[in-house]
Amino acid sequence: QVQLVESGGDLVQPGGSLRLSCAASGSIFGIYRMGWYRQAPGKEREFVARISWSGDSTSYATSVKGRCTISRDNAKNTVYLQMNGLKPEDTAVYYCNANRNWLGILQEYWGQGTQVTVSS
């Protein structure tokens, strides 16, 4: 099992910045990708950004490209999402996601979520 713990969500004004963190623990061997998704009230969960375990490959949703940067700290088994130029439409619960390949079996894990609210 993999445990994912997010932190960093907050209330921020439009144009502000936040950095979300996701710490992975437990059976992390075999994780090949981690990412962030978000879910706004009344909407489906959507992809935000992902990064390979090695950190050499990243991908972003069009809606956040240029405003967000995903990164990782291998020593801390932690993935970060730096969000700049926040907009009210970025308001959502942000979930950390991990994909693991264990002996050929693909597994997916989710964190409990952290609330980001963008409002004046």
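Trainee: Is Asn 99 buried or exposed?
Mentor: This is a predicted model, in which local features need pLDDT of at least 70, side-chain atom pairs count only at pLDDT 80 or more, and totals for chains, interfaces and linings use all residues. Residues are numbered from 1 along each chain as its sequence is written, and side-chain values use heavy atoms, with hydrogens and water left out. Buried means under 20% relative accessible area, exposed over 50% and partly exposed in between, with a 1.4 Å probe and protein chains only. Asn 99 has a relative accessibility of 10%, so the residue counts as buried.

Trainee: Which residues is Asn 99 in contact with, leaving aside its neighbours within four places in sequence?
Mentor: Asn 99 lies in strand 9, residues 92-102; strands (E, at least two residues) are DSSP runs, numbered from the N terminus. Contact means heavy atoms within 4.5 Å. With the neighbours within four places set aside, the partners of Asn 99 are Gly 30, Ile 31, Tyr 32, Arg 33, Gln 107 and Glu 108.

Trainee: What is the handedness of the disulfide of Cys 22 and Cys 96?
Mentor: A disulfide is a pair of cysteine sulfur atoms within 2.5 Å, and Cys 22 and Cys 96 are joined with S to S at 2.0 Å. The pair links distant parts of the chain, 74 residues apart, with Cys 22 in strand 3 (residues 18-26) and Cys 96 in strand 9. Because the torsion about the S-S bond is about -80°, the disulfide is left-handed.

Trainee: How far is the nearest cysteine sulfur from Cys 68?
Mentor: Cys 68 counts as buried, at 6% relative accessibility. Cys 68 is in no disulfide, and the nearest cysteine sulfur, that of Cys 96, lies at 14 Å.

Trainee: Which residues do ring pairs link into a cluster?
Mentor: Rings of Phe, Tyr and Trp (its six-membered ring) pair if their centres lie within 6.5 Å; planes under 30 degrees apart count as stacked, over 60 as edge-to-face and the rest as tilted. By this rule there are three aromatic pairs, among them the edge-to-face pair of Tyr 37 and Phe 47, at 5.7 Å centre to centre and 70° between the planes. Tyr 37 and Trp 110 also form an edge-to-face pair, with 5.1 Å between centres and 70° between the planes. The cluster linked by ring pairs is Tyr 37, Phe 47 and Trp 110.

Definitions and conventions:
Helix = DSSP H or I, 4+ residues; strand = E, 2+ residues; numbered from the N terminus.
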